[in-house]
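Here is a short briefing to read alongside the model. Keep the structure open as you go through the points.

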Amino acid sequence: GIAIPSACSAFIGITEPALFGVNLRYMRPFFAAALGGACGGWYASLRSLGAGGTGVSGIFAFPLYLHDPADYLICLLISLGVSFLLAWVMGGQEENLHITAPVQGELIPLAEVNDPTFRKGVLGPGIAFHPTQGKVVAPMDGKIEAVLKTGHAVILSGRNGAEILIHVGINTVNLEGRYFSAKVIKGDKVKRGDVLVEFERESIEREGFDVTTPMILVNAEKYDLTLTRAPGAVKKLDEVMLIE
């Protein structure tokens, strides 16, 4: 929403929206633009290209280069092309995290969880699920920060540092690891959809435990969390939260 209009204004010589709204915010485009501009300047230096007066840059500056418009056009194309290719190769760095459902089942508000610690948001904001299958997958690309030795809970961090806790069941720590099998260890890098934990849902329920699975943003003081899906049936990897 910012990049397209700011790019248009940059072409006519007003670069501040692109510089402060996109490039400096994400940094990689900033370095790409700086290197692209350097390459265009290098060509201008080789060709001894100079303006016939002062004014804006961009496409409206052609009257300043009427003595050599072809070289000025080549200079612009070099700057644009190198910047574009470098930004493409380095990739973007979106700060927002799109969090997807780690289980298949029913999404419920955190306020409906049968545990005061989760229900009151003591550990942080989030949502919960009634899983219908015994498999938990990564809701985002990230790094495993912690795996409880009982295997019923995992914390992973995203690229912007947001930390997500996925806690399978209520008071399931009392099972001491029975019916749980963690598939990751601390320090592992995971991709969205990778299996984190497998559990025997029916066996856990036979033991009298609630398998409701909260998903919590534990360092919420640094971020804004928005729920993007209403309560109801969800499939694994349906988007449910946005962290900014």
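How do β4 and strand β10 pair, and over how many bridges? They pair in the antiparallel sense, and 3 bridges link β4 to β10 (residues 195-199). Please bear in mind that this is a predicted model.

**The open sheet**

- The sheet is open and consists of 3 strands, in the order β4-β10-β8, with antiparallel pairing.
- At its edges you will find β4 (135-137) and β8 (180-182); each has a single partner strand, so one side of each lacks a neighbour in the sheet.
- On average, and ignoring direction, neighbouring strands here are turned by 15 degrees against each other.

**Strand β14 and its partners**

- Strand β14 (residues 239-243) is largely enclosed by the rest of the structure, because 4 of its 5 residues are buried.
- Strand β1 (residues 97-100) pairs with β14 over 4 bridges, in the antiparallel sense.

**Helices α1 and α2**

- Helix α1 (residues 3-11) packs against helix α2 (residues 16-26) at an angle of about 150 degrees, and their axes are 7 Å apart.
- With angles over 145 degrees counted as roughly antiparallel, α1 and α2 are therefore roughly antiparallel to each other.
- Their crossing is left-handed.
- On the α1 side, Ala 3, Ser 6 and Ser 9 meet Pro 17, Ala 18 and Val 22 of α2.
- By type, the residues of this contact divide into 4 nonpolar and 2 polar, with no charged ones.

**A closer look at Ser 9**

- Is Ser 9 buried or exposed? Its relative accessible area is 15%, so Ser 9 counts as buried, and its place is in helix α1.
- Setting aside neighbours within four places in sequence, Ser 9 is in contact with Ile 14 and Pro 17.
- Pro 17 is also one of the α2 residues in the contact between the two helices.

Terms used: Residues numbered from 1 in each chain as written. Predicted model: local features only at pLDDT ≥ 70, side-chain atom pairs only at ≥ 80, totals over all residues. Heavy atoms only, no water. Axes fitted to C-alpha atoms, helices over the stretch in contact; angles between N-to-C directions. Parallel < 35°, antiparallel > 145°, perpendicular 65-115°, else oblique. Left-handed = near helix turned anticlockwise from the far one by under 90°. Contact = heavy atoms within 4.5 Å. Nonpolar A, V, L, I, M, F, W, Y, C, P; charged D, E, K, R; others polar. Buried < 20%, exposed > 50% of the residue type's maximum accessible area, 1.4 Å probe, protein only. Pairing = 2+ DSSP bridges.
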